[in-house]
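Look at the sequence and the fold side by side. The text below walks through a sheet, a helix and the packing of nonpolar residues.

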Amino acid sequence: MRISFSELKKTLHESGESYRLLPLGDGRVLLVWEGRGRFYGPFDGEDSVGVLWTPSALASAAAYRDFCGDGGWNVGGDRFWIAPEFPFFTKERARFNESYTVQPGVDPGDCHFAPSADHELLLESGLEAELFETDGKHKRFFVQRLLRPCRNPLRESRRFSELMDGVSFCGFTQEMLLEDHSPEEPMELEIWDLCQVRDGGEFLVPYLGKELEYVDYYAPSAGVVLSAADGRAAVKVSSCAEHKVGFKAYQTFGRVGYLLPEEDGGFSFFVRNYRNAPSDRYIKEPSDRPGENGCSLFIYMNDTRGDGFAELETTGETFGTDGRDCSRLTLDYWFFRGKAAALSPISEALLGLRLRED
């Protein structure tokens, strides 16, 4: 289901939910939902559909009411979580799927808009979480998320006019901060950002080395949704199963692209510029393989035959036991729109990978 900008606004308004719009230039906006701490878009008109995923639960106020009544929590968009996944999100690691839980104190937490400069939006949250299967009992956090428009990353290229011929652009930056307000129980922690996008596209990940080293979390991905050769990894978001692929920090660059076909025959090309620091810990790991760490990028997808989506996941600085007193993460979101032939040189410029002819 494709939910338009006007439908999303109507659902939130009729549900008594507060939101604000962040202008991104050229008539494009980002919608930021205060109470849930999510954002959606970018939108360029009332009938437009954002690249960031809006689930069917937000198709109407009645659908959202039913969703909440059934205990639903994933309202799409871009969301903030805390790593490691254990012990915050599963009561029994050995029974990961059966005991998975999203604590309301973490998502949505106590999220509200704070004063900010013009053309910026600042979200602040107080989070609380019970700890499962550890000696600790409880954690308290403070979170800030600053959103502001950003410039075209290609603007200083001598080929700028040529590259942008027939292509439109908008973008924004998210600056994030996580502080532990319960340091009496120290543990390693990281910001965990999950950017959810519509299904039907393909992720492009440039990598170094002859062979891609990756981590499968759920169903095997190679030959099903993942292909990798000659420094080019591609993940197709079209599956009858649940997949999650982790990419090692030492082998990747800090950029990933997502090419998404649109109904008008053109494409949206979303490029994420993310933190990639191979010397850091990167503590996320599969439930059945403790110590399988070191991934700075994760791509997740559900069974896309239903309300399909994918997640682009990255984490911030590790802190809590090594002298750091917080985790920070800065992410750039660059959105290009045009025909595949026009977007291919942009992909080559930003990722080192041209788009395939097919």
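Strands β12 and β13 (residues 232-236) run antiparallel and are joined over four bridges; strands count as paired if DSSP finds at least two bridges between them. Across this pair, Leu226 stands opposite Val235 in β13. Helices (H or I, at least four residues) and strands (E, at least two) are DSSP runs, numbered from the N terminus. The model is predicted, so local features need pLDDT of at least 70 and side-chain atom pairs pLDDT 80 or more, while totals for chains, interfaces and linings use all residues. Residues are numbered from 1 along each chain as its sequence is written, and side-chain values use heavy atoms, without hydrogens and water.

The pair belongs to an open sheet of 10 strands, with antiparallel pairing in the order β5-β6-β7-β8-β19-β16-β15-β10-β13-β12. Its edge strands, β5 (110-114) and β12 (226-229), each pair on one side only.

Helix α6 (residues 340-351) packs on the sheet, in contact (heavy atoms within 4.5 Å) with β10, β15, β16 and β19. The direction of α6 makes about 10° with that of β16; axes are lines fitted to C-alpha atoms, for helices over the stretch in contact, and angles run from 0 to 180 degrees between N-to-C directions.

A nonpolar core is a set of buried Ala, Val, Leu, Ile, Met, Phe, Trp, Tyr and Cys residues joined through side-chain atoms within 4.5 Å, where buried means under 20% relative accessible area (1.4 Å probe, protein chains only). The largest core has 62 residues, and Phe88, Val197, Phe203, Phe247 and Phe270 touch the most other members. Strand β9 (residues 190-198) gives the most to this core, with five residues. Apart from it lies another core of 19 residues, including Leu204 and Leu350.

Definitions and conventions:
Buried means under 20% relative accessible area, exposed over 50%, partly exposed in between (1.4 Å probe, protein chains only).
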